Amino acid sequence: AEFSYHEDVILHIVGRCQEVDTGARNIENILNRTVLPELATECLAILAEGKKISKIHIGVHDEEGSFSYEIQAE
């Protein structure tokens, strides 16, 4: 599948990692505890319907920083 992301995703992740007590280690936490589980849930739901995923695009949904996932499937 083709993968893309909006530049706001990077800015949001970097912004969350500038907290003094977590720093850059927070990148791994954001990816492993937020982005990957949410993306996996979305993809598995589509695959369970017997569809093939062709494109995935990640964005930032709102001011609080929840991520949005646009997945195109055939």
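Strand 2 (residues 53–60) and strand 3 (residues 67–73) pair in the antiparallel sense over seven bridges; two strands pair if DSSP finds at least two bridges between them. Strands (E, at least two residues) and helices (H or I, at least four) are DSSP runs numbered from the N terminus. Lysine 55 stands opposite glutamine 72 in strand 3. The two strands form a hairpin with six residues between them, and glycine 65 in the turn has a positive phi of about 95°.

This is a predicted model, in which local features need pLDDT of at least 70 and side-chain atom pairs count only at pLDDT 80 or more, while totals for chains, interfaces and linings use all residues. Residues are numbered from 1 along each chain as its sequence is written, and side-chain values use heavy atoms, with hydrogens and water left out.

Strand 2 also pairs with strand 1 (residues 2–5), here in the parallel sense over four bridges. Serine 4 has histidine 57 in strand 2 as its bridge partner.

Tyrosine 5 lies in strand 1. At 45% relative accessibility, tyrosine 5 counts as partly exposed, because that class lies between buried (under 20% relative accessible area) and exposed (over 50%), with a 1.4 Å probe and protein chains only.

The pLDDT, the predictor's confidence in each residue from 0 to 100, averages 89 over the protein, and 92% of the residues score at least 70. Confidence is highest in strand 2, at 97, and lowest in helix 1 (residues 7–16), at a mean of 87. Where pLDDT is low, the predicted coordinates should not be read in detail.
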